[in-house]
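I opened this entry to keep track of what I looked up, and in what order.

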Amino acid sequence: MSWNKLKSSAQRNVILMKGKLIIISAPSGSGKSTIINYLMQQGLNLAFSISATSRPPRGTEQNGVEYIFLSPEEFQQRIAEEQFLEYEEVYPGRFYGTLKDQVEQQLEAGYNVVFDVDVKGGCRIKEYYGERALSLFIQPPSIEALRSRLNGRGTDSAEVIEDRIARAEYELSFAPQFDVVVINDQLEDAQKEAHKVLQEFLLR
Ligand code: ADP
Ligand code: 5GP
């Protein structure tokens, strides 16, 4: 059902009033950000959970938009202060974490919060929020497609790309632990499928 058809119905209120959680995980280069950007534009009252990271900004990334960029020392300080709902050293020396305050503020404001997190972080958030959360795994058609997408994106050095590929096989083994797996082969199909799954979950 389209959003417009829902507009005048009580169903729209259900979407607007209940803050739910949508967890999206995938190996880097699978098309997760592309699909999330698409979903954010579908009028589903979504807010993006801005994680903290100890990696430096890349490309046009800005502090407080894609991530809260912290120094490695600042990140460790926040761990000590138990400010994270979950955190992971996703790549050697590169920490990423979800700040408790950030999530609670967005949920209290009535948004459905979207998480772009690694597979372990995704499982942890799902475990914590249970039925209130939907976990979605975006799967690339193959490792070769992943390599070619990372090269094509042109944002990472050859070394970083190899780190990401090396981790991908391990991450793929987590797919069965997710509520839904969407294979991103043809982008438009994957976007439509993810959109449908989200609408169904938000209306539940
Ligand atoms: P992630 O957030 O998972 O790291 P991105 O969304 O940045 O991945 O996508 C990686 C690259 O692959 C981007 O350049 C994007 O435009 C491209 N891409 C995404 N989905 C597809 C697809 N289905 N087919 C081909 N290229 C894609
Ligand atoms: P990137 O460096 O490409 O932005 O992200 C690398 C990986 O870190 C991605 O798999 C992304 O999902 C993950 N990530 C981003 N934020 C978080 C977070 O808050 N927690 C966890 N566990 N992983 C995260």
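The entries below go from the conventions to the domains, then to the ligands, and end with salt bridges and backbone angles.

**Conventions.** I noted that this is a predicted model, in which local features need pLDDT of at least 70 and side-chain atom pairs count only at pLDDT 80 or more, while totals for chains, interfaces and linings use all residues. Residues are numbered from 1 along each chain as its sequence is written, chains are lettered from A and ligands numbered from 1 in the order in which they are written, and side-chain values use heavy atoms, with hydrogens and water left out.

**Domains.** I looked up how the protein chain is divided, and found domain 1 (20-45 + 111-204) and domain 2 (48-110), with bounds that come from an automatic or database domain assignment. Their centres, taken over C-alpha atoms, are separated by 18 Å. Domain 1 brings 27 residues to the contact and domain 2 brings 18 residues, where contact means heavy atoms within 4.5 Å.

**Area between the domains.** The size of an interface is often given as the accessible area lost when the parts come together. Here I found about 1900 Å² buried between domain 1 and domain 2, with carbon and sulfur atoms giving 58% of that area; buried area is the accessible area (1.4 Å probe) that two parts lose on being put together, summed over both. On the side of domain 1, Tyr111, Val113 and Arg164 supply 25% of the area buried against domain 2, more than any other three residues.

I counted two salt bridges between domain 1 and domain 2, a salt bridge being a side-chain nitrogen of Lys or Arg within 4 Å of a carboxyl oxygen of Asp or Glu. I also noted the salt bridge that joins the side chains of Asp156 and Arg58, at 3.6 Å from N to O.

Which elements give two or more residues to the side of domain 1 that touches domain 2? I found α3 (32-40), β7 (112-116), α6 (119-129) and α8 (158-172), helices (H or I, at least four residues) and strands (E, at least two) being DSSP runs numbered from the N terminus. The largest share, six residues, comes from α6.

**Ligand 1.** I found 13 residues around ligand 1, of which Gly29, Ser33, Thr34, Arg153 and Asn184 come nearest; a residue counts as near if one of its heavy atoms lies within 4 Å. A backbone N or O atom of Gly29 is 2.7 Å from an oxygen atom of this ligand, and a backbone N or O atom of Asp185 is 2.9 Å from a nitrogen atom of ligand 1.

**Ligand 2.** Around ligand 2 there are 17 residues, and Ser51, Tyr67, Tyr96, Asp116 and Asp118 come nearest. A polar side-chain atom of Tyr96 lies 2.6 Å from an oxygen atom of ligand 2, while an N or O atom in the side chain of Glu86 is 2.8 Å from a nitrogen atom of the ligand.

I looked at Arg147 and Glu144, whose side chains meet at 3.5 Å, N to O; they are separated by about one helical turn because they are three residues apart in helix α7 (residues 143-153).

Most residues other than glycine have a negative phi. I noted a positive phi near 60 degrees for Asn45, which is placed in the loop between α3 and β2 (46-48). Glu82 has a positive phi near 55 degrees, and its place is in the loop between α4 (72-80) and β5 (84-91).

Key. A polar contact is a pair of N or O atoms within 3.5 Å; within protein, one must be able to donate a hydrogen and the other to accept it, and residues adjacent in sequence count only if both atoms are side-chain atoms.
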